[in-house]
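Me: I would like a close look at a single part of this protein. Please keep it simple, and take me along it step by step.

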Amino acid sequence: MKNLIDIINKYKVSDYKITEKTIDSYQLFFVHENLETVRRSVTTDKNVTIYQDHDGFRGNSSFSVYGSDTPEVLCDKVEKAISNALLINDKAYTLPESEKESFEIKSNIAEVPFDKLASDVAKVVFDASRREKGGLNAVEIFINKIDIHVVNSRGIDKSQRKYNIEVEAIPTFNGEKESVELYQFYTSGDYNPQTIADLVKEKMADVEARSIATKPEGLDCKIILHSGDLQVVFAELVSQLNYSSIYGHTNLHSVGDDIQKDSTGDKINVTMRGVLDGVSASSHFDGDGTKMVDCKVIEEGKIISAYGDNRFAQYLGEKATGALSIMDVEGGKEKKVDLEQGEYLECVFFSGIQVDLYGDYIGGEVRLAYHCKDGVKTPVTGISISGKLSEVINTIKLSSEKEVDGRYFGPTIASLEKMSIY
């Protein structure tokens, strides 16, 4: 790091930022239950951004640094970055300044040797997957320790360490005529064996149901979505509240707008966070070294605040919150079991749920769902759902139970109305 800084300082650059990310990863690869590969890898990615002020503007250009780079190669990269930065005419802004901090995000993953933990995860996964005529066609398990270090020319020197588990699996069911597969990816900043086991059992039941699912006719009922798809819905709602969207005039709604004027369900409350227990995306600072500051953006269906990084905060004259990415969504009034009453279509797997705020659309092709009526749960497939997002969001009812799913911590399920099924 010091040698790199010394080389950069030979040139008259306005500012610089250096980001170093090291991932220490223990990995297991299975075909069926046969362990094919065990891998331990340590990879480091180092990136430099050069900022150059000119004619009242600020430009920037980035390059990667490799272990094989000689001083001469690095000098050439810096010179090219300066030239490229002079071609960029961004509105002037300053970098964050004068903070030196080190963090470690608490995780029980750090308490167990990686090889033992990976073996434990594998046992949990395969024990939960055993099912007549079914199993896991392939499984990949990653135990990761991630170190991030950000330094800039204005006195930022921040580092943090965090951990996560990643499990990628292909649940498979061998029917009489064909085999059916689904895909599942799980990640967490903590090790929760019961959560993993429950998820695997659920997906094994789903893939068996997929093998006998049929196309229904004439369905007209409420829709149930799970956390993974709810994450997409809420990500679309909050993306427009980022300072960069507001500065670029691509936001549909603004602070003060009520996005649930005619609500018949639960009012939406969303807080953007930097760190949250069990969320692998947790971070105390963003890519610029800006401190993450939690920010409530939607309260009782109304937009009350925006959020964003250092650069666009300056452009808008707002306080930087950092590039927050974790969505903490409040639960609703009713329990999951209460929402699962009456007739409903529980959507389990989409080809890809589509949520378009600007096109006022929510929908997608459903690969597997359960039609539930009069206590009978029937697997169905070959259907699509669609609706006007602005109308559907007014009917949303959120479960009081919450769970972590990627960058989302929120209701486990939600019911939605005013959607067509065809």
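In what sense do β17 and β18 pair, and over how many bridges?

Reply: β17 and β18 pair in the antiparallel sense. Five bridges join the two. One caution before we go on. The model is predicted: local features need pLDDT of at least 70, side-chain atom pairs count only at pLDDT 80 or more, and totals for chains, interfaces and linings use all residues. Residues are numbered from 1 along each chain as its sequence is written, and side-chain values use heavy atoms, with hydrogens and water left out.

Two terms come next. A strand is a DSSP run of E with at least two residues, numbered from the N terminus. Two strands pair if DSSP finds at least two bridges between them.

Start with β18, which spans residues 376-380. Find Cys372 in your view. Its bridge partner in β18 is Lys377. Now follow the chain between the two strands. β17 and β18 form a hairpin. Two residues lie between them. Asp374 sits in the loop between β17 and β18. Phi of Asp374 is near 55°, a positive value in a residue other than glycine. Is Asp374 buried or exposed? The relative accessible area of Asp374 is 71%.

Strand β16 covers residues 354-356. β16 pairs with β17 in the antiparallel sense, over three bridges. Gln354 stands opposite Gly363 in β17. These two strands also form a hairpin, with four residues between them. In that turn, Asp360 has a positive phi of about 55°.

Two further partners remain. β15 is residues 344-350, and β17 is residues 361-373. β15 and β17 run antiparallel. Six bridges join them. Phe350 stands opposite Val366 in β17. Then comes strand β19, residues 383-387. β17 and β19 pair over five bridges, again in the antiparallel sense. Where does Val366 meet β19? Its bridge partner there is Ile383. Phe350 stands opposite Val366, and Ile383 in β19 is a bridge partner of Val366.

For comparison, look at another loop. Lys418 lies in the loop between β23 (413-416) and β24 (420-421). Phi of Lys418 is near 65°, a positive value in a residue other than glycine. Lys418 is exposed, with a relative accessible area of 58%.

Strand β12, residues 295-299, is joined to β13 by two bridges. The pair runs antiparallel. Glu299 stands opposite Lys302 in β13. Both strands belong to an open sheet of six strands. The order is β13-β12-β11-β14-β22-β21. Its pairing is mixed. The edge strands are β13 (302-303) and β21, each pairing on one side only.

Notes:
Buried means under 20% relative accessible area, exposed over 50%, partly exposed in between (1.4 Å probe, protein chains only).
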